[in-house]
Amino acid sequence: MSTPSSNPSSSSASFSDTQVQLSATLRALSSRLPESLTVRELMQACGEQGLLLFCCILTFPFLLPVSIPGVSTVFGLLIVLIGVGVTFNRTPWLPRKLLDKTLLRTNLAPALDKGAEVFTKYVDRLSKPRLLVLTHGSSTNRFNGFMLFFAGVLLMMPFGLIPFSNTLPALAALFFAIGILQRDGYFILMGHGMTVGTLTYFTVLIYGAVQGGRSLASVFGGG
């Protein structure tokens, strides 16, 4: 796998200077999956697209009608660490315990296949370098990395059983990763929009829970 080095100029090129056909990479990856593999092996298999393509893959289980049980915290943390890497323009440190987590082909392959289908229809066809003011420059790259980090934090929030609570932050992370990788400012804007939507949704959930708690307290208290 080609990963960013600790040299800032080398890292910058790996993160944002190559436009690629992501769907082809995803299909090739799906076709050669073993029966099981570790997160480390999946990351290495992403090839020259590296960490940002890996970040896209981490969002797929939360976007599509397939699931990998118990991974929102693990995958969210990996996205957080990748966001830190983009922010500081260097390869992020990833804990061995996360890298050695085993994933099954039966769970992962459908996510990759569906992801490749979506990328063929929309991402590869629509994404291109544009609105470069949102994708070029060290300060802009650091800000985009921070927003990717923040989307990962939102994905880790303990609302997993509530509809869309994983989907919305996963979409934000996916849009930011595509925008950085493809140098597409429109996807960066969609990432910001989805982040705002996630925060709004979580605020409504928390407010509803607080109000519900107060109602129950008044009912039992009055009784």
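## A partly exposed tyrosine

The model is predicted. Tyr201 has a relative accessible area of 23%, so this residue counts as partly exposed. Tyr201 belongs to helix H10, which covers residues 185-222. Apart from neighbours within four places in sequence, the contacts of Tyr201 are Ile162, Pro163, Phe164, Ser165 and Leu168.

## Overall make-up

The chain holds ten helices and two strands. Read from the N terminus, the order of elements is α-α-β-α-α-α-α-β-α-α-α-α. Of the 223 residues, 47% are buried.

The accessible surface amounts to about 10,700 Å², and carbon and sulfur atoms supply 63% of that area. Among contacts with a separation of 6 or more, 78% join residues 24 or more positions apart.

## Helix H4

Helix H4 spans residues 50-59 and is mostly covered, with ten of its ten residues buried. The buried residues of H4 are Gly50, Leu51, Leu52, Leu53, Phe54, Cys55, Cys56, Ile57, Leu58 and Thr59.

## Helices H5 and H8

The axes of H5 and H8 cross at roughly 170 degrees and come within 7 Å. The two helices are therefore roughly antiparallel, the angle being over 145 degrees. H5 contributes Ser72, Gly76, Ile79, Val80, Ile82, Gly83, Val84, Val86 and Thr87 to the contact, and H8 contributes Asn141, Arg142, Gly145, Phe146, Leu148, Phe149, Gly152, Val153 and Leu155. By class, the residues of this contact are ten nonpolar, seven polar and one charged.

Gly83, in helix H5, is one of the residues of this contact. Its relative accessible area is 0%, so Gly83 is buried. Beyond neighbours within four places in sequence, Gly83 touches Gly145, Phe146, Leu148 and Phe149. Gly83 and Met147 are 64 residues apart in sequence, while their C-alpha atoms are 7.4 Å apart in space.

## Helices H8 and H9

H8 (residues 138-155) also packs against H9 (residues 167-182), at an angle of about 155 degrees and with the axes 8 Å apart. Because of that angle, H8 is roughly antiparallel to H9. The crossing of H8 past H9 is left-handed.

On the H8 side, the contact is made by Asn141, Asn144, Gly145, Met147, Leu148, Ala151, Leu154 and Leu155; on the H9 side, by Pro169, Ala170, Ala172, Ala173, Phe176, Ala177 and Ile180. Twelve of these residues are nonpolar and three are polar, with no charged residue.

## Helices H2 and H7

Helix H2 (residues 22-31) packs against helix H7 (residues 105-126) at an angle of about 160 degrees, and their axes are 8 Å apart. This angle makes H2 roughly antiparallel to H7. H2 passes H7 in a left-handed crossing.

The H2 residues in the contact are Leu22, Ser23, Ala24, Leu26, Arg27, Leu29, Ser30 and Ser31, and those of H7 are Arg105, Ala109, Leu112, Asp113, Gly115, Ala116, Glu117, Phe119, Thr120, Val123 and Asp124. The contact of H2 with H7 divides into nine nonpolar, five polar and five charged residues.

## Loop residues with positive phi

Most residues other than glycine have a negative phi. Asn89 has a positive phi of about 60 degrees and is not a glycine. Asn89 sits in the loop between helix H5 (72-88) and helix H6 (96-99). With a relative accessibility of 18%, Asn89 counts as buried because the cut-off is 20%.

Phe164 is also not a glycine, and its phi is positive at about 70 degrees. The loop between H8 and H9 holds Phe164. At a relative accessible area of 55%, Phe164 is exposed. Phe164 is also among the residues in contact with Tyr201 of the chain.

Definitions and conventions
Residues numbered from 1 in each chain as written. Predicted model: local features only at pLDDT ≥ 70, side-chain atom pairs only at ≥ 80, totals over all residues. Heavy atoms only, no water. Axes fitted to C-alpha atoms, helices over the stretch in contact; angles between N-to-C directions. Helix = DSSP H or I, 4+ residues; strand = E, 2+ residues; numbered from the N terminus. Parallel < 35°, antiparallel > 145°, perpendicular 65-115°, else oblique. Left-handed = near helix turned anticlockwise from the far one by under 90°. Contact = heavy atoms within 4.5 Å. Nonpolar A, V, L, I, M, F, W, Y, C, P; charged D, E, K, R; others polar. Buried < 20%, exposed > 50% of the residue type's maximum accessible area, 1.4 Å probe, protein only. Areas by Shrake-Rupley, 256 points an atom, 1.4 Å probe, with all protein chains shown as cover.
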